[in-house]
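Dear colleague,

I am passing on the structure we talked about. Please look through the sequence and the model below; my notes on what was found come after them.

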Amino acid sequence: MALATNEAPSSTHAAFEWLRSEHIESLNVTVEEYRHRSTGAQHYHLAADNDENVFIVALRTVPMDSTGVAHILEHTVLCGSERYPVRDPFFMMIRRSLNTFMNAFTSSDWTAYPFASQNRKDFYNLMDVYLDAVFFSRLHELDFAQEGHRLEFAEPADSASPLTYKGVVFNEMKGAMSAPTSVLWHTLSKYLFPTTTYHYNSGGDPEAIPDLSYAELRHFYETHYHPSNAVFMTYGDLPVAEHHERFEKLALGRFKRLDVHIAVGEEQRYLAPVNVEESYAVADDEQDGDKTHIVLSWLLGRSTDLEEQLKAHLLSGVLLDDSASPLRQALETTDLGSAPSPLCGLEDSNREMSFICGLEGSHPERAQALESLVFEVLERVAEEGVPTERVAAVLHQLELSQREVGGDGFPYGLQLLLQGLSSATHRGDPVAALNLDPVLEHLREAIRDPQFIKRLVREQLLDNRHRVRLTLKPDPQLAPLREQAEKARLEKVAAGLSDAERRQLVERAKQLAARQEQTDDPEVLPKVGLEDIPAQLKIIRGRTLDGDPPLAVFDQGTNGLVYQQSVSRLPEFTDEDVELLPLLCSLVTEVGLGEQDYLTVQMRQSSFTGGVSAALSMRSAVDDPQAIKGHYVVSGKALARNQQELAGLLHDTLQRARFDEHARLREIIAQERAHKEQSVTGSGHVLAMTAAASGVSRAASLTHRLSGLAGVQRLKALDQSLDDSAALGVLAENMARLYRRLSEAPAQLLLVGEQQTNEAGIVQLRERWAAQAADRDTGGFVGGAFQAHAGQLWTTNTQVNFCARAYPTVGFAHPDAAALGVLGVILRNGFLHRAVREQGGAYGGGAGHDADAGAFRFFSYRDPRVQETLDDFDRAIDWVLDGKPEWRLVEEAILGVIGALDKPASPAGEARKTFFNELYGRSAELRQAFREQVLSITGEDLQRVAGDYLRPERASTAVVTNTATLQALGDLGLQVQAL
């Protein structure tokens, strides 16, 4: 039972001192703070009525170089420990667990090890392994070589072959630093923070990573990974006393207080603004056009001061929250660049916050003009202020985000813990960071003063001399120069190697290969088994109210929020029109409605809702993956007191959008193009899998055309064509024509909220949509043309590769779908993880069955190889065919599939999931039958489906790489496309 504010627990573990308890009504949690008496370790427990329990142990990690020591340590710590002396306990436990989340994070100034589970036994199994890994890691030198970096000959056994750098983190960061936004952020931080840890790349700069020694890694561990430097955080319904007993028994009881104080110091403030110009790498064929990023950034106050932090959020929101905000409006409408910078906004996780604004798609010579534009807006706001309703809208957004129960991306409890973690690691007050209501009330009073925002702009920005203007321009020569520098560095090292040192490198490569091939006893680790799996799938039930349109209602614990959706059946479209639908979805919530222009609508959205969005929803039939159904979905959320306004806005978005604001259309399309291009290196594996599956699946082909690499390519070409005003006019007419057809399509409504608010919501939706019956037959959407192909190769600006291969399979209701799902997990666990990640050096690799697309897919992520990885995909199939998988591997794969099926979402997310499953024929009975089939899978089943479906002649392949790698590879027999 949760404690009331300042109520002491009836009993505490002797090793821990209770400090306080505080109930946070808006989150329905009680935060309890404890301190370990011997080591001083902090523990914050969020007691909640939620069986998805969450654990984090975080260490303050403050590197003072860019070797990636904290990041490489995060990887290496998880490679074996005192009580669990196996080579790979982290990934082995993923397979032996029903976890709903399991990972590790390296931030700029902390490293955290979180997990979550709904199963009590599983939760404590994971806690045992995590505590031992963090505080008693073996840190084997060969694990450092595998996970961090190593020198190795191109042919590991041939000392006459060229030297190369290898390592998982080394390749991961090459991929991460391929993204211009990552380069932009790290370059800006280098100048904004001249003396503190944020000056450096905590993940590791690929040019500096090889400088890190094994001895330096061990020293960093010994000084940073100690309970005196740790923060423990837990969430859920398990008793805190049980946590303390395990903390003490498994880890803390073996330590004494360490006399070390690790912290980020105060940044040395500039006396005058700094203007700098640097470059980022682009390919030769990408150098044309406006590709320069120009950003301005100010260093603000401490993030641990909650009032200062919320003032900074208020300032950022007033200036940048939506297109009606004065600074964002100026950035979107200026011809100095194509779109606002992706960095625009407030960064509040560092010890000292920063505010950033700027443009992408610009030219270096426009830097001063941009700075003048920004200061013109800031001076105007400081002199004239902004309407009170704009400031109130920002506070409304803060309140809504505070109340919303998340959990769709990762567990809600983990979201709350991470919300307080930065404050805890900076020795602030995480309880205050979680309980925003008192400060929000104070700010509501403060904004009554018309001078409040004016003073804020002047104090935080105009009079703040710690400012950096960064101009980051494209340089097609930079990547070749870096490759030449790396090659020269390796040649110099090679020239200095003695014969004995060469033999040592060959021997170490042999030792690492042997270590990667060794089979550890998995029974050293705790596990859950099939007997721990609930027999029944959790089903959320709603009710459907007949009428025009039909209304589905779900009563869920949404903490004072309501969610509404309009779901319209897609009519039949031509292929050309289908390809415009994603763009229509992007535009429809950004344009004017009826007599209101887009600025008025943006203000309306911010004042009354948490956002309105439009999207396409498409799935194949359960018994035929080539038969596709689609829907056009308009969604919104709001605080319950604003649900009438939400209903009106949703209705107007579906019925009254206007496409006559041509300049606005041009702005949004440019922003969409920039966003899509930036996403390629971060989600290259997903894009590659979709491209591969597009050769064998109609559904995947449609996804590839609409939102995959082909969609990005098409959007880029469209954006380039719209400098012609006539072309823009034609596009606007096409958007209006498609919109009219969607507005006439048969629709149904979805309402999710708490029972007492839903009754009012039903009445309001019925009133708003009373005359909205649409029963006209608009034809059936079938997904357009489909043409099979054997594979594609896409070139883009990346230092690493993404490989994929796909095979045609079956739909969700087919008896083989369950076995194919388990097959994907066993191939990842039993073969691909070792071959692609550990031996190949990719950041990730795996396989899985997509029943919606009717495709089985292999993939690699941030991969230094291409042909060898494609060969590994084939070898994985041979591995399962050549010998029946042992039962332990089958059981672990079943656990993985069930864990994914049972992973909880937010209350609203669970309702949406049920609604759309039913909409597309995935009934509760069918999903339960699928679950039972998964639980009955055998090794023979896996061999059978592998042999039946994963045949070489049926495969389609896709690779995402760069032009230099393409030239080195030669002809792979794939269609080559330039992104």
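Predicted model: local features only at pLDDT ≥ 70, side-chain atom pairs only at ≥ 80, totals over all residues.

Because 7 of the 7 residues of strand 24 are buried, the strand is largely enclosed by the rest of the structure.

Strand 24 has antiparallel partners in strand 27, over 5 bridges, and in strand 26, also over 5 bridges. To find these pairings in the viewer, take Ala-806, whose bridge partner in strand 27 is Ser-956, and Tyr-807, whose bridge partner in strand 26 is Phe-856.

**Helix 24**

Helix 24, residues 684–693, is mostly covered, with 9 of its 10 residues buried. The buried ones are Gly-684, His-685, Leu-687, Ala-688, Met-689, Thr-690, Ala-691, Ala-692 and Ala-693. What do they pack against? The buried residues of helix 24 pack against helix 25 (698–706) and helix 26, and against strand 23 (791–795), strand 24 (802–808), strand 26 (855–861) and strand 27 (956–961).

**Helices 23 and 26**

Helix 26 (residues 709–721) also packs with helix 23 (residues 662–678), at an angle of about 145 degrees and with the axes 10 Å apart. The crossing of helix 23 past helix 26 is left-handed. On the helix 23 side, the contact is made by Arg-666, Ile-669, Ala-670, Glu-672, Arg-673, Lys-676 and Glu-677; on the helix 26 side, by Val-712, Leu-715, Lys-716, Asp-719 and Gln-720. By class, the residues of this contact are 4 nonpolar, 1 polar and 7 charged. As for the spacing along such helices, an α-helix has 3.6 residues a turn, so residues three or four places apart point the same way.

An open sheet of 6 strands runs in the order 17-18-22-19-21-20, with mixed pairing. Strand 17 and strand 20 (612–621) are the edge strands, each pairing on one side only. On average, neighbouring strands of this sheet are turned by 25 degrees against each other, direction ignored. Within the sheet, strand 19 pairs with strand 22 (residues 747–753) in the antiparallel sense over 6 bridges; Val-567 has Gln-748 in strand 22 as its bridge partner.

Two helices lie across these strands. Helix 20 (residues 581–588) lies across strand 20 and strand 21 (624–639), at about 150 degrees to strand 20. Helix 28 (residues 755–768) lies across strands 17, 18, 19 and 22, at about 155 degrees to strand 22.

**Backbone points to check**

Most residues other than glycine have a negative phi, and most peptide bonds are trans. The places below depart from that.

- The peptide bond from Asp-548 to Pro-549 is cis, with omega near -5 degrees. Pro-549 is in the loop between strand 17 (543–545) and strand 18 (551–555).
- Asn-28, not a glycine, has a positive phi of about 55 degrees. Its loop joins strand 1 (16–24) and strand 2 (29–36).
- Asn-559, again not a glycine, has a positive phi of about 55 degrees, and is in the loop between strand 18 and strand 19 (561–569).

Are these two asparagines buried or exposed? Asn-28 is exposed, with a relative accessible area of 52%, whereas Asn-559 counts as buried at 17% relative accessibility.

Regards

Definitions and conventions: Residues numbered from 1 in each chain as written. Heavy atoms only, no water. Axes fitted to C-alpha atoms, helices over the stretch in contact; angles between N-to-C directions. Helix = DSSP H or I, 4+ residues; strand = E, 2+ residues; numbered from the N terminus. Left-handed = near helix turned anticlockwise from the far one by under 90°. Contact = heavy atoms within 4.5 Å. Nonpolar A, V, L, I, M, F, W, Y, C, P; charged D, E, K, R; others polar. Buried < 20%, exposed > 50% of the residue type's maximum accessible area, 1.4 Å probe, protein only. Pairing = 2+ DSSP bridges.
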